[in-house]
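Subject: Structure handover

Hello,

The structure is below, with sequence and coordinates together. My notes on what was found in it follow.

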Amino acid sequence: MNKKPSSLNVIILKNFSILVIITMAAAAGSFYYGTTKIVLEYSDTVTKQLTSKIIDRTTTYLNAPALQSRVVSQLVDSPNIIDNYEQLWSYMWEQMNVLPQVQSIFVADTLGNYVQVRREPELATRYINRNSTEKVESWVYRDEDYVSLRQTTNVAKFDPRTRPWYENTDTEQKVQWTDVYPVSYTHLRAHETPEHL
């Protein structure tokens, strides 16, 4: 005949089970808390390192063109940039070729004259001459070796003095930054000018 376990054995078994469950829960909680803390600390460290690298790379990425802009400004030895637009073209072209992050380099004077080199939608140099009664805009489309492929001349409609990058300047000789704004060339035909440059 089977003996039923005594009530004392049942109580001990219940209490032991409860203790085991509490111990396991405490251990799991401690492990979870410790692991979570380690993961959060590690994530924080990795995030700080990545942020620092991104800032450094972005600064380097942007500072190189900014430094070149100072050199371009030194080439402008006349208040009228049309006087030496070919020299500006040549220099800016070289700089655009060694700075892959640069899509366009341009300069304007207080008369509204404008000299530019650009990559998109195709390689080209451009100037706007406002010195004469008829405002002239000339484009020279080029190959990668700077050889002229074709040229167009039109009446100038674009006035660089209305753009944020021009309005942001002042008499102090320093690099200045505008707010970020999108420039899209994909929809333009070769002779068209993006109005948000």
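To start with a contact between a charge and a ring: the charged end of Arg-150 is placed over the ring of Tyr-141, 4.2 Å from the ring centre. Please keep in mind that this is a predicted model.

A second contact of this kind involves Arg-142, which lies over the face of Tyr-146 at 3.9 Å from the ring centre. Tyr-146 comes up several times in these notes. Its place is the loop between strand S4 (136-142) and strand S5 (148-155). The backbone of Tyr-146 has a phi near 75°, a positive value in a residue that is not glycine. With a relative accessible area of 24%, Tyr-146 is partly exposed, since buried would require under 20%.

Next, the aromatic rings. The structure holds 10 aromatic pairs. One of them joins Trp-93 and Tyr-146: the ring centres are 5.0 Å apart and the planes stand at 65°, so the pair is edge-to-face. The cut-off behind that label is an angle over 60 degrees. Trp-93 belongs to helix H2 (residues 85-98), while Tyr-146 is in the loop between S4 and S5, so this pair ties together parts that are 53 residues apart in sequence. Trp-93 is buried, with a relative accessible area of 5%, whereas Tyr-146, at 24%, is partly exposed.

Trp-165 and Tyr-166 also form an edge-to-face pair, with 6.3 Å from centre to centre and 75° between the planes. How accessible are these two residues, Trp-165 and Tyr-166? Trp-165 has a relative accessible area of 16% and is buried. Tyr-166 has 18% relative accessibility and therefore counts as buried too, because the limit is under 20%. Both residues belong to a cluster linked by ring pairs, made up of Phe-106, Tyr-114, Phe-158, Trp-165 and Tyr-166.

One backbone item remains. The peptide bond that joins Glu-120 and Pro-121 is cis, with omega at about 0°. Pro-121 is in the loop between strand S2 (114-118) and strand S3 (124-129).

Regards

Notes: Residues are numbered from 1 along each chain as its sequence is written. This is a predicted model: local features need pLDDT of at least 70, side-chain atom pairs count only at pLDDT 80 or more; totals for chains, interfaces and linings use all residues. Side-chain values use heavy atoms; hydrogens and water are left out. Helices (H or I, at least four residues) and strands (E, at least two) are DSSP runs, numbered from the N terminus. Buried means under 20% relative accessible area, exposed over 50%, partly exposed in between (1.4 Å probe, protein chains only). Rings of Phe, Tyr and Trp (its six-membered ring) pair if their centres lie within 6.5 Å; planes under 30 degrees apart count as stacked, over 60 as edge-to-face and the rest as tilted. A charge sits over a ring if NZ of Lys or CZ of Arg is within 6 Å of the ring centre and within 35 degrees of the ring normal.
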